[in-house]
Amino acid sequence: MKNKITRRQMILKSSAATLASIGLTSIVVAKDHAAPGSEGKPVPAPDEICFMTAVELAAWLRTKKISAREVMTAHLKQIANVNSKVNAIVTFVPEEQLMAQALAADEMIAKGNTTGALHGLPIAVKDLIETQGLRTTYGSPLWKDLVPTQDALIVERQKNAGAIVIGKTNVPELGMGSQTFNPVFGPTFNPYDPSKTCGGSTGGGATALACGMTPLADGSDMAGSLRNPGSFCNVVGLRTSPGRVPLAAVKIANQTLSVQGPMARTVSDCALLLSVQAGPDLRSPLSLADDPRQFAKPLGRDFKGVRVAFIKDLGLPWEKEVIDAVHSQRKVFEDLGCIVEENEPDMTDANECFVNFRHWQYEAQYGDLLEGNSDKMNAYTKWHITEGRKLTGPYLSRLEMKRSALYRRVQQFLTKYEFLIMPVSQVLPFDVNTPYPIR
């Protein structure tokens, strides 16, 4: 078919629309950083570098088709042109330090060595995740000048795999809410429409990816914080199973609400990043022992006969465009050979369980700070702490029994269906000046 568009052309076309939406022009990458042994080979166009997949970039770096310095230069220029319009990356590693790390990566490749699957690739780290020597604020005035003395485990693993941290991405205060804004850095804007929110709480990471400022970003998820901004910004955010990416230093080691995981522009890139982030660690009692290299394997499979359930409405209100968009994709699954049915598990008590366990967790995490720092905490945080203090032991024990019954209902449902398809969010991206969606 002579009119067939390649995957890369589709990505670049989408990317051009993204950049046009925030009034950007093309950028030019300096060509004075050739990879050792790559002299005379054509260097990809700057826009193409910034919107290549991480899998492609990693392969090009290993085969010396491109240098880590060229990759870094392209992304730094993209950041310089784009970031001030969307406010996605809020703390930066100095350019000379980044270029020195890229040079070191190139020198290793020239000698036939790499440090891991992400060797020479830029990555952005969420501002809720500790980074040694690089400011980590949690979007809160309480920690606006905090510079951690060590990396979180997820960052340590990303660095050990060869990734180069370029900076920290914006978050809502203490990671609370599906909207990215805080009193330290202000809001992050949707890359497709700056009048709308990018979602939250990994909103900075999603926007940075959509705008080509980084090929990879990490994040965390309690109530959609990887999935919601991924949906609002047309990228991929994966909430991992508790223990898949171990939380080695959290206050509540056995909690299952908060997880960390990957974000990227494609599913394959998310899998690549997860293959580095995942793996057991004895400091986490929930740590899963599976070999993380499983995520680096090819993702293709035969879906013939796979049973898939599409939700009806879960008894929740939905914006029509959202639910219609999901149900319009039913034919995609049917064409893959799936057996598709409209069905959904009984989610009775799910909201009560989640909201109250979240109150409990936030009170445990931040309650001791309230008395002396009330003026530095937003109303949403104080509400969680206040509600958490109302919870009683008997109520929480009965709530845990409700959660156990809910788990068993969903587990039984998934013995019939391998996948449950539903929208990420009930609403479309809302006004960036609206703190939270209102029914």
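The lining of the largest cavity has six nonpolar, seven polar and one charged residues. Here Ala, Val, Leu, Ile, Met, Phe, Trp, Tyr, Cys and Pro count as nonpolar, Asp, Glu, Lys and Arg as charged, and the others, Gly among them, as polar. Keep in mind that this is a predicted model, where local features need pLDDT of at least 70 and side-chain atom pairs count only at pLDDT 80 or more, while totals for chains, interfaces and linings use all residues. Residues are numbered from 1 along each chain as its sequence is written, and side-chain values use heavy atoms, with hydrogens and water left out.

**Cavities**

- On a 1 Å grid over the protein atoms alone, a cavity is a set of points where a 1.4 Å probe fits but cannot get out, and lining residues have an atom within 4 Å of a point.
- Grid points are joined across faces, edges and corners, and a volume is the space filled by probe spheres set on the points.
- The count comes to three cavities of 30 Å³ or more.
- The largest cavity has a volume of about 90 Å³, and of the 14 residues that line it, Pro 242, Gly 243, Leu 247, Ser 258 and Leu 286 are the closest to its centre.
- For the second largest cavity, the volume is about 40 Å³.
- Lining the second largest cavity are Ala 58, Leu 61, Arg 62, Ile 109, Thr 114, Gly 116, Ala 117, Leu 118 and His 119, which divide into five nonpolar, three polar and one charged.
- H3 gives the most to that lining, with three residues; helices (H or I, at least four residues) and strands (E, at least two) are DSSP runs, numbered from the N terminus.

**The second largest pocket**

- A pocket is an open set of grid points with protein on both sides within 12 Å along at least five of seven lines.
- The second largest pocket has a volume of about 1000 Å³.
- Its lining holds 39 residues, and Leu 128, Glu 130, Val 250, Gln 260 and Gln 365 lie nearest its centre.
- By class, this lining has 20 nonpolar, twelve polar and seven charged residues.
- Helix H12 gives the most to the lining of this pocket, with five residues.

**The nonpolar cores**

- A nonpolar core is a set of buried Ala, Val, Leu, Ile, Met, Phe, Trp, Tyr and Cys residues joined through side-chain atoms within 4.5 Å.
- Buried means under 20% relative accessible area, exposed over 50%, and partly exposed in between (1.4 Å probe, protein chains only).
- Among the 62 residues of the largest core, Met 72, Leu 118, Leu 121, Met 213 and Leu 216 touch the most other members.
- H4 supplies the largest share of this core, eight residues.
- Apart from this core lies another one of 18 residues, including Tyr 362 and Leu 391.

**Thr 63**

- Thr 63 sits in the loop between helix H3 (54–62) and helix H4 (68–86).
- Why does Thr 63 count as partly exposed? It does so because its relative accessible area is 44%.
- The side chain of Thr 63 reaches the backbone oxygen of Ala 59 at 2.8 Å.
- Thr 63 and Gly 112 are 49 residues apart in sequence, and their C-alpha atoms are 9.8 Å apart in space.

**The whole protein**

- The protein has 14 helices and nine strands.
- Of its 439 residues, 49% count as buried.

How values were computed:
A polar contact is a pair of N or O atoms within 3.5 Å; within protein, one must be able to donate a hydrogen and the other to accept it, and residues adjacent in sequence count only if both atoms are side-chain atoms.
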